[in-house]
Amino acid sequence: MKETDREAVATAVQRVAGMLQRPDQLDKVEQYRRREARKKASVEARLKAAIQSQLDGVRTGLSQLHNALNDVKDIQQSLADVSKDWRQSINTIESLKDVKDAVVQHSQLAAAVENLKNIFSVPEIVRETQDLIEQGALLQAHRKLMDLECSRDGLMYEQYRMDSGNTRDMTLIHGYFGSTQGLSDELAKQLWMVLQRSLVTVRRDPTLLVSVVRIIEREEKIDRRILDRKKQTGFVPPGRPKNWKEKMFTILERTVTTRIEGTQADTRESDKMWLFRHLEIIRKYVLDDLIVAKNLMVQCFPPHYEIFKNLLNMYHQALSTRMQELASEDLEANEIVSLLTWVLNTYTSTEMMRNTELAPEVDVGTLEPLLSAHVVSELLDTYMSTLTSNIIAWLRKALETDKKDWVKDTEPEADQDGYYQTTLPAIVFQMFEQNLQVAAQISEDLKTKVLVLCLQQMNSFLSRYKDEAQLYKEEHLRNRQHPHCYVQYMIAIINNCQTFKESIVSLKRKYLKNEVEEGVSLSQPSMDGILDAIAKEGCSGLLEEVFLDLEQHLNELMTKKWLLGSNAVDIICVTVEDYFNDFAKIKKPYKKRMTAEAHRRVVVEYLRAVMQKRISFRSPEERKEGAEKMVREAEQLRFLFRKLASGFGEDVDGYCDTIVAVAEVIKLTDPSLLYLEVSTLVSKYPDIRDDHIGALLAVRGDASRDMKQTIMETLEQGPAQASPSYVPLFKDIVVPSLNVAKLLK
């Protein structure tokens, strides 16, 4: 209180100080005093009124509590009186038991009277209901069935209320209405038949399907009502709940499963394409059924049934089960492809679930895979294993078939440009193409794996091809009369190498994505080397054929017969040109190399004839005549190979220039210049050896001992450096053993 007084005094002082800040305000002190007095009186009056109001409220509350206490005492007395009266009336209640029984009996009799008409007409209603079911009037039949069940259930409920333990009367009622359950089952059978054919019925007679749905809805409502009553009374009529809605979906699910399984019309034994046909029929049936369900069936069912969604799930589950069954069978490679293509691509394509007529109700993104990733992986592994075996067998068979053609007496076919070829590359790459196209239908990853497999097997195949071509050449060389068309088929083998190269490039370009090409190329063995080796062996075999025919005429070169006027070179040119008329059917890359090799080899053989010392010129006239003949023949060969190499854009003169250079050494008339001429020859042809020079001097026949010694010593100082473009000629020429000491004498 002291603190409050101090705050009040401080507040008053502050207010007075605010009022009396100027001298002129002192005149108003009395006025201020009166105003404050009025305020004080007003506050005191309000306080008194408030206290009086509180006192009145307390007084009223005490009065009400006193009244309540009196009321409680009165109620307590009344309860005591009621308890006393109840104890006195117990005996009276016991004496009213007969009245109670009479009331219950009256209730039962009233229910019996109420249902009397229905009870007597039960047999007639049963017959009518049976007739209506047979006539297909399902709604009317169900209405009468409901009346029968209602009468039965009402009587049984009254009996249950009166005496739930009296099974005899319950059995009596159940027996009297025994036909009701049979009618219910018969009606249900008709409903299930309609539902099993619902996709057909909805097109022909949608009202029938609507009637079935209405009946099921009625039964669902009755089930709900009875179950609610069961919670209160514990009574459930026989046969309830029927759960016809649940059974309806079970029937539809079974129908869908049967429809999917029933589409297999063939077996592998009767039709190799059985699985493809089976899957195509499934696709067509499922798509048609879902379109009908979306456009027609949804109009026959209440929205909360979500009939299209449920049917979609049923079809998806049935398809998944069927695909699992098919995947578990021992499928062949083409069957695995058909299955995976259908499951991974066709099912989610516009041909089926992405069909515009199913949008937007069908969202492919929400559908679970028909086959698990593990099953798909196992199928792919099986497919790759089977495909590997098949490719190996196909390639072996293709090669065996091609080998049979090699021994035919008829020439091989030519392509559109006139080049000989066999059917082997076309067969091989057609097979690869077919398998890659099939793999591409499944996935990009499988396509890449199949391409790698094809290239790997191609590498092994080319090794066998090379061995077979080598055996073919060796067999021919043992008997050059057989086979009759050896040259033509060897040309075809060479051309096949180019075709294989082009086909491999084309295959990789077509089926390999740029981003993975490098990786696949690294993992795939290079086949160009093998193909070049096959072609090289083939060209070598053909040239061997040429030089076997030229052998006799090459042996005439640089002999007395040659010097006296042999036409060996003429025959050589004619023979080479004749062979190269056939070789014109070799494709350009190999023909170009073959022409160059033939040119080089003819020149080498000519030089070998010189180095074999078949002749030794005895006079300047002979040397001049022989050298001039060599120059003429070099020009003949030059002309021939220019003609054969036309279109290749190559310089073919270098080889024949070697013959001219050797002829110049032989033709030289001044022996003192022989050292200089030989030195020039050695500088131009660094691979020439001392035995070659010795043989050349022996052919010339006039080199002095000192000159030979000088030339040999010069050669021993080391060969000249060859230019990078120089093609060695002399290194392949072996000179018959020559006693150098004897030569120097």
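1. About 30 Å³ of space lies in the largest cavity of this predicted model, a cavity being a set of points on a 1 Å grid over the protein atoms alone where a 1.4 Å probe fits but cannot get out. Its lining (residues with an atom within 4 Å of a point) consists of Ala469, Gln470, Lys473, Met490, Ile534, Glu537 and Gly538. Helix H16 (444–478) and helix H19 (528–554) each give two or more residues to that lining; helices are DSSP runs of H or I, at least four residues, numbered from the N terminus.

2. The model is predicted, with local features needing pLDDT of at least 70 and side-chain atom pairs pLDDT 80 or more, while totals for chains, interfaces and linings use all residues. Residues are numbered from 1 along each chain as its sequence is written, and side-chain values use heavy atoms, without hydrogens and water.

3. There are 15 aromatic pairs (ring centres of Phe, Tyr or the six-membered ring of Trp within 6.5 Å; planes under 30 degrees apart are stacked, over 60 edge-to-face, the rest tilted). Phenylalanine 429 and phenylalanine 500 have centres 5.8 Å apart and planes at 50°, so this pair is tilted. Phenylalanine 429 is in helix H15 (residues 424–442) and phenylalanine 500 in helix H17 (residues 486–511), 71 residues apart. Both are buried (under 20% relative accessible area, 1.4 Å probe, protein chains only).

4. Phenylalanine 580 and phenylalanine 583 have ring centres 4.9 Å apart and planes at 75°, so the pair is edge-to-face. Both phenylalanine 580 and phenylalanine 583 are buried.

Terms used: 1 Å grid on protein atoms, 1.4 Å probe; cavity = no way out; pocket = protein on both sides within 12 Å on 5 of 7 lines; lining within 4 Å. Points joined across faces, edges and corners; volume = space filled by probe spheres on them. Buried < 20%, exposed > 50% of the residue type's maximum accessible area, 1.4 Å probe, protein only.
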